[in-house]
Amino acid sequence: MAFKRVSLIVAVAENGVIGKDNDLIWYLPRDLKYFKDTTAGHTVIMGRKNWDSIPLKYRPLKGRDNVVITRDQSFQADGAIVVHSLNEALEIAKKAGDEEPFIIGGGQIYKIALEQNLIDRMHITRVHEEFDGNTFFPQFDENKWKLVSKEDHAPDHRHEYSFSFCIWDKIDDSQ
Ligand SMILES: NC(=O)c1ccc[n+]([C@@H]2O[C@H](COP(=O)([O-])OP(=O)(O)OC[C@H]3O[C@@H](n4cnc5c(N)ncnc54)[C@H](OP(=O)(O)O)[C@@H]3O)[C@@H](O)[C@H]2O)c1
């Protein structure tokens, strides 16, 4: 079975930052719920550092097939499938019959996925603030993507920053 689409999901600050010292920076519970709801029932594909950054009690991410990419042939991840390339990870999702696998980062894995032109849809939560960090989401050419939805959220007592849920679909230039 072919995929309906391959998606990625990420939360990105205004200056491109997605993480610092192998951790997330902001706490936005509404975004965590969006992540959980969007990826529920699907294969989630992540880099080994992202896997390491998830607190033990939350991993594997439940209700989803977890796939971890590493170059380390002896790496083991309890409750997850370990592979050695993004293509191998997508093969696992295909064999499992998932029609929409999600690439969930971090920075290195997003970069490979975009460079290899593997992504059809991006769920980008734009956090409207600049942060000091050392992991970044790659720049992408907005002319090659169409913003199909945008939902703005103002700060409130649980959310220190404003943010927007954006969905970008790749423009099909094959015709
Ligand atoms: N804001 C967000 O939405 C979001 C989402 C996800 C993650 N993050 C943040 O991102 C950071 C982690 O990202 P990161 O860029 O440091 O690491 P990463 O992309 O999670 O993982 C990098 C690791 O993936 C493996 N890898 C990379 N390229 C590979 C290849 N071509 N073949 C096989 N394996 C390969 C390597 O594992 P080995 O070293 O084991 O070989 C590499 O060290 C954390 O701060 C995390 O909190 C943020």
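Analyst: A residue is near a molecule or strand if its C-beta atom, placed from the backbone, lies within 6 Å of it. In these terms 28 residues surround the ligand, and the closest are Gly19, Gly47, Gly105, Gly106 and Gly107. This is a predicted model, in which local features need pLDDT of at least 70 and side-chain atom pairs count only at pLDDT 80 or more, while totals for chains, interfaces and linings use all residues. Residues are numbered from 1 along each chain as its sequence is written.

Helices (H or I, at least four residues) and strands (E, at least two) are DSSP runs, numbered from the N terminus. Helix α1 spans residues 29-39, and within it Asp31, Phe35 and Thr39 are buried, where buried requires 20 or more other C-beta atoms within 10 Å of the residue's own, exposed 12 or fewer, and partly exposed a count in between, with C-beta atoms placed from the backbone. Because these three cover an arc of only 55° around the axis, they lie on the same side of α1; the arc is taken over the directions from the helix axis to the C-beta atoms. On the face turned away from this buried side, α1 carries the exposed residues Pro29, Lys33 and Asp37. After α1 comes Gly41, with a positive phi near 80°.

The buried residues of α1 pack against β1 (7-13), β3 (43-47), β6 (102-103), β7 (121-127) and β10 (163-170), contact meaning that two C-beta atoms, placed from the backbone, lie within 7 Å. The helix lies across β1, β3, β6, β7, β9 and β10, and runs at about 175° to β1; axes are lines fitted to C-alpha atoms, for helices over the stretch in contact, and angles run from 0 to 180 degrees between N-to-C directions.

The strands named here belong to an open sheet of 8 strands with mixed pairing, in the order β5-β4-β3-β6-β1-β7-β10-β9, where two strands pair if DSSP finds at least two bridges between them. Its edge strands, each pairing on one side only, are β5 (81-83) and β9 (145-153). Strand β1 is largely enclosed by the rest of the structure, because 5 of its 7 residues are buried. It runs parallel to β6, joined by 2 bridges, with Ser7 opposite Phe102, and parallel to β7, joined by 7 bridges, where Val12 has Arg126 as its bridge partner.

Strands β1 and β3 also reach the ligand: together with β2 (17-19), α2 (48-53) and α4 (107-115), each supplies at least two residues of its shell.
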